[in-house]
Amino acid sequence: MSGLHPYTQLALATLLPALAWLVPGPRAPAIALAAAVALVLGTPRPLRRLAAVAVAAAPFWLFLFLLHPPARAALVGLRLTTLLGAAAWVGALLAPGRLVEALVARGWSARAAYLLGGTLAAVPLVRAHARRIGEAQRCRGLATRGALVTRLRAVHALVLPLVLSVLHQLDERVLALETRGLGAAVHRTPLDPPADSPAQAAARWGAAAACLAALAARIA
Amino acid sequence: MPLRHIALIPVAVAINLALSALVDPTGLPLFLDTTGTVLATALAGPVVGVTTGVVTTVTNSLRNPTFLPFVVVQVIVALYAWAAARLGLFRRVATSVPAGIGLGVLAAAVSTPISYAVFGCATSGGVTLLTLLGRRVGMSDLGACAFGSFVSDFGDKTVTFVLVAAVLHALPRRTAARFPLALRAAGRT
């Protein structure tokens, strides 16, 4: 499964929750969930991933049983757990770098590919920066508890330095992108595009057709 | 799209995803997960704002796919923020507070049907408790869901708008000059 084209992995991960939602009754979500669990069992460290899915799904099940009769709670819970299971499977196999290569190979511009790749790289950096700012402000004696006004002042004192500093670093990012030729209006050639095959393309079209058929049956 | 705007989007998405943990020690029920979207819109316009919102949802969904159905909320937030910037509502706290409350109402109106149809209103502990409370006082299922969404949204969006207004006013002249729309939105032209 890890050798599949990223588009095929995404199509399969979309198909299971889509069918779980579109086909009426509890049987389809139960089968889709079983399929998602089987897929996760084929990934490295499957038990850890399944445990993560269970931990993510548990609050939803609790809240659903608090809010709804058991039959509806179970139906929505199965659908949500299928969604989480399918995402755990695709998250285990899909490398962002391979997806970017696949997008560029299919004619997407390098800028569009950067939006995904650049974001995945920026998020941990900004989170680490946020942690440092939080620790620095607490070292300076910032009060984060107490009256509402005190807490709101703390929000201001934590957020502003982070946002202003990342905006200040924007010039460096722009320079880096210009240096790497992202400003040039030329199509890039991917270095190592993921392999695709007619069978995988047919499987993707089949997945799309199954979703449309389920949607049509649901509407009818 | 200019390269500066392309570079801004991942940064704005990262702001969306980093602020919640940063303000966690205050104990306030704030997500601030649209701050980057509102800021990107005020700085660079609606296309950048909408793209920031969509990329935020996609990135968040890689970790937790239950965010995916709410992509439309991010789009609405960006369009609302664009209208607010055009109307000069970021110029003063006195105007950004009601604008934020308005966004809270709009965001709740958009997210309620999604929350009800897809998640049965069980999106988070706070919303579930508020929905239960709404039912106890005699609201319908959908009404209780809307009540839960509104109460959890309006404070968050109000703080978001005030923070973005504060950032626009605190931006150094040199940085602000690279975003003419931001200067206009903050009334610094």
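Q: How many of the 189 residues of chain B count as buried?
A: Burial here is a neighbour count: 20 or more other C-beta atoms within 10 Å. In this predicted model, 54% of the 189 residues of chain B count as buried.

Q: What share of the contacts in chain B joins residues 24 or more positions apart?
A: Take the contacts with a separation of 6 or more. In chain B, 66% of these are between residues 24 or more positions apart.

Q: Which residues touch the most other members of the largest nonpolar core?
A: In soluble globular proteins, nonpolar side chains tend to be buried together. The largest nonpolar core here has 120 residues. Ile15(B), Leu39(B), Ala42(B), Phe90(B), Val164(B) and Leu168(B) touch the most other members. H1(B) gives the most to this core, 13 residues. Chain A takes part too: domain 1 (6-94 + 206-219) and domain 2 (101-168) of chain A each supply at least three residues.

Q: What does Phe90(B) touch, leaving out residues up to four places away in sequence?
A: Its partners include Ala42(B), Val164(B) and Leu168(B). Also among them are Ala84(B), Ala85(B), Ser96(B), Ala165(B), Ala185(B) and Ala186(B).

Q: How many residues does each chain bring to the contact between chain A and chain B?
A: Count each side separately. Chain B brings 44 residues and chain A brings 49. On the side of chain B, helices H1 (3-22), H3 (46-63), H6 (125-136) and H7 (141-170) each give two or more residues. H1(B) has the largest share, 16 residues. By class, this side of chain B has 33 nonpolar, ten polar and one charged residues.

Q: Where is confidence lowest and where is it highest in chain A?
A: Where pLDDT is low, the predicted coordinates should not be read in detail. Chain A averages a pLDDT of 88, and 100% of its residues score at least 70. Helix H5 (residues 96-105) of chain A is lowest, at a mean of 83. Helix H2 (residues 27-41) of chain A is highest, at 93.

Note on methods
Residues are numbered from 1 along each chain as its sequence is written. Chains are lettered from A and ligands numbered from 1 in the order in which they are written. This is a predicted model: local features need pLDDT of at least 70, side-chain atom pairs count only at pLDDT 80 or more; totals for chains, interfaces and linings use all residues. pLDDT is the predictor's confidence in each residue, from 0 to 100. Helices (H or I, at least four residues) and strands (E, at least two) are DSSP runs, numbered from the N terminus. Two residues are in contact if their C-beta atoms, placed from the backbone, lie within 7 Å. Ala, Val, Leu, Ile, Met, Phe, Trp, Tyr, Cys and Pro count as nonpolar, Asp, Glu, Lys and Arg as charged, and the others, Gly among them, as polar. A residue is buried if 20 or more other C-beta atoms lie within 10 Å of its own, exposed if 12 or fewer, and partly exposed in between; C-beta atoms are placed from the backbone. A nonpolar core is a set of buried Ala, Val, Leu, Ile, Met, Phe, Trp, Tyr and Cys residues joined through C-beta atoms within 7 Å. Domain bounds come from an automatic or database domain assignment.
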